[in-house]
Amino acid sequence: MIVWYEITLFGALTHTISSIFFPSESDYLSTIKFLGTFAVGFGFRPLGAFIFGYIGDKSGRRKVLLTSVILVSIPSTVIGVIPGYKEIGIFSSILLLLCRIMQGMAAGGETSINSAFLIEHSSDKKNLGFLGSMKPFSGALGSIICFVMIAICKKLTGENYEIWGWRLPFYFCSIMGIIGFLTRYIMEESLAYKVHDQNKSLSHSPFLELIRDYKRAFVIAIGLGIAQNAIVYSAIMFYNISVKELILSGINIKNVVRIIVEITFGASAVLFAILSDKVGRKNVMIPTLVALACAGLPAFSLLSYDNHYIVTLTFLLISVPIGASFGIYNSLACELFPTKVRCTGFSLAHNISAGIFGGLSPSICMWLIEKTETKLAAGIYLTACALISLISVLQIKAKDRKVDW
């Protein structure tokens, strides 16, 4: 919830943060600088995944998650107290960048090991898809809480919201961090890790063993995450940039649409994951990726259409296959790795695809549109990303499933 709360908050405050920390002669340049900072945070995710994944496989999932939830909430809170560019100049931009780096590293462990931790608690192993879907479901809740907090802060601060009221939602990250820490503190270590720890079958060098024995699974897992990360962050950022504030009877319709989209996303993640428990991961993931490949092509043109009904409907419809892919991905990718290298393999694979394609795709799409002067170029890029993931899932065989506890 904290990770997606922070990502949603960063995206929802695109115009505010870019103008306060990256003032420029044009809105376009400010936005590009902002997207660069957004991408840097994602760029450090693989490093965090390597560090936390290694510790998770060597010392246990629970210890890593207790640490990561603290490290991901502290910089999110600190962003709320950093002075703007007018007060301290370039140092404000640098401090924001450092916070994004720390967030990225912590999220590198947080966004993957939590899924493995949940899945590995299953004793009958018949609900792994459902358990894996709790990550995107809780992410959707985090986004919804973010919009509710923004609405409350706008109501309470009024005209001061753009001056200092926007900082209040960042302070809420500290409260979420405490709740997250206490929740994980009372939970036991995962069943899978305890079984392998008792049998003395854990790896002494998880990363080396991953590269030596599970290269194929690692490459497939990276490919699986490309489509969802490229499309979801591009669509969200593009929606926030292209759709201005739309107020109707005092209600911000833009954020209402985002809340409806998040509900659709979370519900799709859970329902399709449950379906994958019944009929198989590949049987659900393949048509989902085909749908994403078809939807990615016209998505940017429709999201920038001069009609709020078309924009809203497009954003709502594309959230269904995106949610489905996120819901199935966690269990599908986790099952590719045995327990002794699961944290290292899954966290590195997920965060390489998220770091490169999730972080850079919004900037790549903006660059393609600027250079080609057509939104179709960005659509072709997103469709290509979906096809890479489709090819990856087609490579998975029954023998690749490593549910070993």
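**Close-up views of a predicted model**

**View 1. Arg 100 and Glu 6 form a salt bridge in which the closest N and O atoms are 2.5 Å apart.** The pair links distant parts of the chain, with Arg 100 in helix 7 and Glu 6 in helix 1 (residues 2-12), 94 residues apart. Both Arg 100 and Glu 6 are buried, a class that means under 20% relative accessible area, with exposed standing for over 50% and partly exposed for values in between (1.4 Å probe, protein chains only). A salt bridge here is a side-chain nitrogen of Lys or Arg within 4 Å of a carboxyl oxygen of Asp or Glu, and the structure holds 14 of them. Helices are DSSP runs (H or I, at least four residues), numbered from the N terminus. This is a predicted model, in which local features need pLDDT of at least 70 and side-chain atom pairs count only at pLDDT 80 or more, whereas totals for chains, interfaces and linings use all residues. Residues are numbered from 1 along each chain as its sequence is written, and side-chain values use heavy atoms, with hydrogens and water left out.

**View 2. Arg 342 and Glu 120 meet through their side chains in a salt bridge (2.7 Å, N to O).** This pair also links distant parts of the chain, since Arg 342 belongs to helix 17 (residues 342-372) and Glu 120 to the loop between helix 7 and helix 8 (128-132), 222 residues apart. Arg 342 counts as buried because its relative accessibility is 2%, and Glu 120 is buried with a relative accessible area of 0%.

**View 3. Glu 209 and Lys 340 form a salt bridge of 2.6 Å, N to O.** Glu 209 lies in helix 12 (residues 206-213) and Lys 340 in the loop between helix 16 (308-334) and helix 17, so that the pair links distant parts of the chain, 131 residues apart. At 11% relative accessibility Glu 209 counts as buried, while Lys 340, at 23%, counts as partly exposed. Elsewhere, salt bridges that share partners join Asp 57, Arg 61, Glu 120, Arg 342 and Asp 404 into one network.

**View 4. Helix 9 (residues 134-157) and helix 10 pack at an angle of about 130°, with their axes 9 Å apart.** Axes are lines fitted to C-alpha atoms over the stretch in contact, and angles run from 0 to 180 degrees between N-to-C directions. The two helices, helix 9 and helix 10, are therefore oblique to each other, given that angles under 35 degrees count as roughly parallel, over 145 as roughly antiparallel, 65 to 115 as roughly perpendicular and the rest as oblique.
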